[in-house]
Amino acid sequence: MTVQNVNLTGLDLRAEIDRLRVERKAVILAHYYQKPEIQDLADFVGDSLELSRKAAATDAEVIAFCGVKFMADTAKILSPEKIVVLPDLDAGCSLEDSCPPEKFKAFREAHPDHIALTYINCSTEVKALSDIIVTSSSAETILSQIPSEQKIIFGPDRHLGGYLSRKFNREMLLWPGVCIVHEAFSERELLKLKGEHPEAPIAAHPECPPHIIDHADYVGSTSGILQYAKTMEGDTLIVATEPHIIHQMEKALPGKTFIGAPGADGNCNCNICPYMALNTMEKLYLALRDLQPRIEIEEGLRLAAKKSLDAMLEMASGTLGKGDLGARS
């Protein structure tokens, strides 16, 4: 979706979004990787699944999900009666793109004695082909409940799967997908930055490759990294995940310093998610005004995908959304 040929000159976008929020009985969700201006107007800021669960618990008639498509799809799976809009339908995910449903189906059929433990960063179709969905905050709790003799396929993130495999000493068949954002961090530049701030711990998302994880003092989900920032000793933290999360850290902890881990060029610019960046204030306004682009999922597919989400919620509900900052102030 583009905003070309739409004249929004002179429009007070924030005021118009607030007006439409009320008029449409809408709840606005923003992932931690969204631009600060979108985070600041959202009703809830957080991790993808916890946002969908919070939206499902409201009496809102419309969910405007400022994130990427698999997140909006998840909101629709959990709230089929609500209208779900995504400001830009092209806001995808490299992990979802790496795992086409027909290839994943063939992979599963080639290994019938394996269950599919699948990261939430995947399409609705892949969720429907999976046994249990996991998030970065729930994966460890769920894996610990699966018998050691049970063979496992893990997809689509090979770095998250590899991290879990090493930590739990569990052999798993890994789908070869990666997150382009977390893949962009440079070990050489990270060590240079650590040399400049030797007392600062490093917090890393488990989507990072092993050569980044190996230097981390804390490994966890975005909400987990936020919680770590609150409880850590010291006043400086190096953050190895998408840098827009630092906005929430600085709001919650203004007395501390947060430094984004660098990419190969020595800065964080290459680590900004290009898909998340497609969402803008203009597109959010138009999505609320027109109730488009709208997420639609065929009911049989939705119910099949919901089974794997329900399995996760049953096994790990206590781990979801840890460290979430919740409602806007």
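**Loops, helices and charged pairs**

Modeller: Let us begin with Glu183, which lies in the loop between β8 (173-174) and α10 (187-196). Please bear in mind that this is a predicted model.

Colleague: Is Glu183 buried, partly exposed or exposed?

Modeller: A residue counts as buried under 20% relative accessible area and as exposed over 50%. The relative accessible area of Glu183 is 34%, so the residue falls between these limits and is partly exposed.

Colleague: Which residues does Glu183 touch, not counting residues up to four places away in sequence?

Modeller: Val126 is 57 residues from Glu183 in sequence and 22 Å from it in space, C-alpha to C-alpha. Contact requires heavy atoms within 4.5 Å. With residues up to four places away in sequence not counted, Glu183 touches Arg158, His159, Val178 and Pro209.

Colleague: At what angle do helix α3 and helix α4 pack?

Modeller: Two packed helices are described by the angle between their axes and the distance between the axes. Here α3 covers residues 48-57 and α4 covers residues 69-78, with the axes 9 Å apart. The crossing of α3 past α4 is right-handed, and the packing angle is about 35°.

Colleague: How do the residues of the contact of α3 with α4 divide into nonpolar, polar and charged?

Modeller: From α3 come Ser48, Leu49, Ser52, Arg53 and Ala56, which meet Phe70, Met71, Thr74, Ala75 and Leu78 of α4. The residues of this contact divide into six nonpolar, three polar and one charged.

Colleague: With which residue does Arg14 form a salt bridge, and which residues are linked with Arg14 in a network?

Modeller: Side chains of opposite charge can pair when their charged atoms come close. Arg14 pairs with Asp18, the closest N and O atoms being 3.3 Å apart. Both residues lie in helix α1 (residues 13-23), four residues apart, about one turn of the helix.

Colleague: Are Arg14 and Asp18 buried, partly exposed or exposed?

Modeller: Arg14 has a relative accessible area of 32%, and Asp18 has one of 27%.

Colleague: In the salt bridge of Lys82 with Glu81, which residue counts as buried?

Modeller: The closest N and O atoms of this pair are 3.9 Å apart. Glu81 counts as exposed, at 58% relative accessibility. At 5% relative accessibility, the residue that counts as buried is Lys82.

Colleague: In the salt bridge of Glu189 with Arg188, which residue is exposed?

Modeller: The closest N and O atoms of Glu189 and Arg188 are 3.7 Å apart. Glu189 is buried, with a relative accessible area of 12%. With a relative accessible area of 57%, the exposed residue is Arg188.

Colleague: How many salt bridges does the structure hold?

Modeller: For the structure, the number of salt bridges is 21.

Colleague: Which residues of α14 are buried, and against which elements do they pack?

Modeller: Helix α14 is mostly covered, with seven of its 10 residues buried. These are Met281, Lys283, Leu284, Tyr285, Leu286, Ala287 and Leu288. The elements they pack against are α1, β1, α2 (36-41), β3 (62-66) and β4 (83-85).

Colleague: Which residues have the most contacts inside the largest nonpolar core?

Modeller: This core has 109 residues. Met249, for one, is in contact with Ile225, Leu226, Ala229, Leu237, Val239 and Phe258, leaving aside its neighbours within four places in sequence. The residues with the most contacts inside the core are Ile28, Leu117, Leu237 and Met249.

Methods
Residues numbered from 1 in each chain as written. Predicted model: local features only at pLDDT ≥ 70, side-chain atom pairs only at ≥ 80, totals over all residues. Heavy atoms only, no water. Axes fitted to C-alpha atoms, helices over the stretch in contact; angles between N-to-C directions. Helix = DSSP H or I, 4+ residues; strand = E, 2+ residues; numbered from the N terminus. Left-handed = near helix turned anticlockwise from the far one by under 90°. Nonpolar A, V, L, I, M, F, W, Y, C, P; charged D, E, K, R; others polar. Salt bridge = Lys/Arg side-chain N within 4 Å of Asp/Glu carboxyl O. Buried < 20%, exposed > 50% of the residue type's maximum accessible area, 1.4 Å probe, protein only. Core = buried A, V, L, I, M, F, W, Y, C linked by side-chain atoms within 4.5 Å.
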